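This report looks at two places in one protein chain. Look at the sequence and the structure first, then read on.

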Amino acid sequence: MAPRFSLPSTIEARMDVRRPEGAGPRRAGALALLAAGLLACGAPPPVLRVALPSDLDTLDPHLRNNVAAYEVLSHVYEPLVRLDRRMRPTPALAASWQSPDSVHWVFRLRPGVRFHDGTPLTARDVVESLQRPPGDGSLETQDFLGSIAEVAALDDGQVALRTRWPNGLLASRLHFLLVAPRASTAASLAARPNGTGPYRVAGPWKPGEPLRLRRHAGYWGPRPAVDEVELQLGARTAAIVPEVEAGRFGLLHLSAQDILDAARRSGRYVERSNPDVFLRHLGFDLARARTPFSPEPRNPFLDPAVREALDLALDREALARAVSDTAEPAWQLVPRAVLGHDPSVGPRASDRARARRLLAEAGYPRGFEVVLHRPNGFARAAQEVARQLGEAGLRVTVESLPSAEFFRRLDRHELSFWLSASGCATGDGLELLENAFHSADESRGLGGDNHGGFSDGALDERVRAAAALADASARQEEVRALLGRVLRERAWIPLYHDQSRYLVERRWSFSPRADDYFSATDVAPARP
């Protein structure tokens, strides 16, 4: 159940009116009437209350590599390079950067930036923030820094990086590495979050509680339109429906149909959506001779004919209709917004008769049994996939796992067949090739999300070479070709794309980003 918290019982409390000592009831009453009048006229309240489905267990900006950690903590901390709404690298704490050759980078820091405690940002802070995750095996953001061999502070407010190999994604990956003060520790970051971002943490916080953010008056960048934000995390259950119906949230990241229904009943919200960058797909165990969640004596997914049969058995149009009114069939591994999308790849008709023939030729004339695992969510999609594959002869049992357990088991390569979502948060399909389809190579930081064990030596070489291509058009063509190669191998089977969907109380203005990350800096009072 999502955490609940009390709401102010009076308008005066809602408006955070500070009555001076000795103020009489006439003044208090006047303030309350003024506040009531502002609310009645549609003026936004001073605190933006936001419901987000993702959950947070730490305020350490380097500990977790997940949506909640970046989405929430990037209000407080900032990276050298930020991805804009179109997922293009743009200056943040680095005012500019250059790469004189394929492995050396120099970032010039923005002058005049200060942490929330007033301490000036220096190159030393950046260096230690880049060194801290690789130096501590428990810090998950080290995943973004595997290619960095050396980082140094220069005398004139610059930071120099040397990579172990050419890395065309370095600037985009730095988007996810947030800068903290030098000498930061897990204890200091938990006790006193201290970033350079547009908001600072207001008061103590512990997991399970709402997180209050207040505008940082000394922020170097544009002033946010919203002064105070309260984030209710893990808000994805029916527990928040009464608050939605009462219009007590200014904005919600839509996570459940009952929440959408409550918002529509209230009439207080408008829906805002944008195509996201996440692919919902099927994955397979492609490494073991026998796989654990099928009784077959040999792993059926090792046979390309079996994977082709599953692909042909799926009616993606019907699947998308079963999932939601915003889902769109996916015919390739990245959507239109991501570098490497191939406009020549179009819809393909399902062919269950051919699927059954392929299964028979592969030695499964009666199909086979298998368990399809899914994390929290994807219930409709998983059941529809199981139904459609059943028409081709497979006997698919769907099992749901808590998301944390699902991804732990994926990381340990314990599953046989699964439905999940993956996206290119950098906006570049090379990210998917490096993380999900390159053979696992810890020394290079490649293949960390290759949960199925797919391996193609020739593909690996071309992926590494693509990272060194300086010409953007040449890299686009190579990434497109390599994604096409993986698609033909059916290392994954793409299913559908969906929308990033938000509910916005009518007094606020907001439009979602393509990468689906929420930022309070994108919210403003609606124009009359």
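## A bridge between two strands

In this predicted model, E150 has R162 in β7 as its bridge partner. Strand β7 covers residues 158-163, and five bridges join β7 to β6. The two strands run antiparallel.

## The sheet around it

Which order do the strands of the open sheet follow? The order is β4-β5-β7-β6, four strands with antiparallel pairing. At the edges are β4 (94-98) and β6 (148-153), each of which pairs on one side only. On average, neighbouring strands of this sheet are turned by 20° against each other, with direction ignored.

A helix also belongs in this picture. Helix α4, residues 123-131, packs on the sheet and touches β5 (104-109), β6 and β7. The direction of α4 makes about 160° with that of β6.

Is T326 buried or exposed? The relative accessibility of T326 is 16%. Buried means under 20%, so T326 counts as buried.

What does T326 touch, leaving aside its neighbours within four places in sequence? T326 is in contact with H497, D498, Q499 and R501. With D498 there is also a polar contact: the side chains of T326 and D498 are joined by one of 2.5 Å.

Conventions
Residues numbered from 1 in each chain as written. Predicted model: local features only at pLDDT ≥ 70, side-chain atom pairs only at ≥ 80, totals over all residues. Heavy atoms only, no water. Buried < 20%, exposed > 50% of the residue type's maximum accessible area, 1.4 Å probe, protein only. Polar contact = N/O pair within 3.5 Å; in protein donor to acceptor, adjacent residues only side chain to side chain. Contact = heavy atoms within 4.5 Å. Pairing = 2+ DSSP bridges. Axes fitted to C-alpha atoms, helices over the stretch in contact; angles between N-to-C directions.
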